[in-house]
Amino acid sequence: LFRLLSPSGLPTRRISVEAIEIKSRPIKSGESAIQEASWTPPDDVFVVGWAPDVGAPEARPNLFLMSGSTAIFKIERGSIEGLRTTFLPAGTGYLTRKGETIKLRLQIDNSGPDGVSGGARALIYFHPVAWR
């Protein structure tokens with residue numbers, strides 16, 4: 001439908017989705033924890049968006065989608081506004097080469113009683129690179 005209504009007739013790219021999850025684990029009172037999960041794309045791709053979810057938002061964790069030391073997306077101190085599907089501006093994307101690792105990193109500080117981290121999940125939206 002978009003291609004029919006688009007005046008420029010620009011081709012659209014098919015978006016793929018990959019899910020990544022950090023499992024919940026026990027966390028003692030006063031403890032800080034960093035947990036990670038990773039995904040390696042099958043080909044060169046542009047990461048264009050994410051849909052994050054944290055298991056314990058009341059703990060105000062930090063959540064990052066990382067490529068090396070670069071944060072592609074982030075939620076700092078449990079920002080509720082950050083817990084929504086977010087896309088990079090149209091026509092842009094973060095280039096990730098085949099074999100490079102994308103990491104989901106959860107940083108949590110437990111200032112309450114002993115409990116669990118709640119883990120985190122994210123959907124990663126991407127499309128293949130079309131080299132010309």
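Modeller: Let us begin with strand pairing: S3 and S9 run antiparallel and are joined by eight bridges. Strands here are DSSP runs of E with at least two residues, numbered from the N terminus, and two strands pair if DSSP finds at least two bridges between them. The model is a predicted one, in which local features need pLDDT of at least 70 and side-chain atom pairs count only at pLDDT 80 or more, while totals for chains, interfaces and linings use all residues. Residues are numbered from 1 along each chain as its sequence is written, and side-chain values use heavy atoms, with hydrogens and water left out.

Colleague: Which residue of S9 stands opposite Ser38?

Modeller: That residue is Lys103.

Colleague: What does Glu36 meet in a salt bridge?

Modeller: Side chains of opposite charge can pair when their charged atoms come close. The criterion is a side-chain nitrogen of Lys or Arg within 4 Å of a carboxyl oxygen of Asp or Glu. Glu36 meets Lys103 in this way, at 3.5 Å from N to O. Because Lys103 lies in strand S9 (residues 102-109) and Glu36 in strand S3 (residues 32-39), the pair ties together parts that are 67 residues apart in sequence. Lys103 is partly exposed at 34% relative accessibility, and Glu36 is partly exposed at 37%. Glu36, Lys103 and Arg105 are linked in a network of salt bridges.

Colleague: How many salt bridges does the structure hold?

Modeller: There are eight. Among them is the one between Arg97 and Asp44, whose closest N and O atoms are 3.3 Å apart. This pair links distant parts of the chain, 53 residues apart: Arg97 is in the loop between strand S8 (94-96) and S9, and Asp44 in the loop between S3 and strand S4 (45-54). Arg97 is partly exposed, at 36%, while Asp44 counts as buried, at 18%.

Colleague: How many aromatic pairs are there, and how is their geometry read?

Modeller: The structure holds three aromatic pairs. Rings of Phe, Tyr and Trp (its six-membered ring) pair if their centres lie within 6.5 Å; planes under 30 degrees apart are stacked, over 60 edge-to-face, and the rest tilted. Trp50 and Phe73 form a stacked pair, 5.5 Å centre to centre with 15° between the planes. Trp50 is in strand S4 and Phe73 in strand S6 (residues 70-75), 23 residues apart, and both are buried. In another pair, the ring centres of Phe87 and Tyr125 are 5.1 Å apart and the planes stand at 45°, so the pair is tilted. Phe87 belongs to strand S7 (residues 86-87) and Tyr125 to strand S11 (residues 120-128), 38 residues apart. Phe87 is partly exposed, at 47%, whereas Tyr125 is buried, at 15%.

Methods. Helices (H or I, at least four residues) and strands (E, at least two) are DSSP runs, numbered from the N terminus. Buried means under 20% relative accessible area, exposed over 50%, partly exposed in between (1.4 Å probe, protein chains only).
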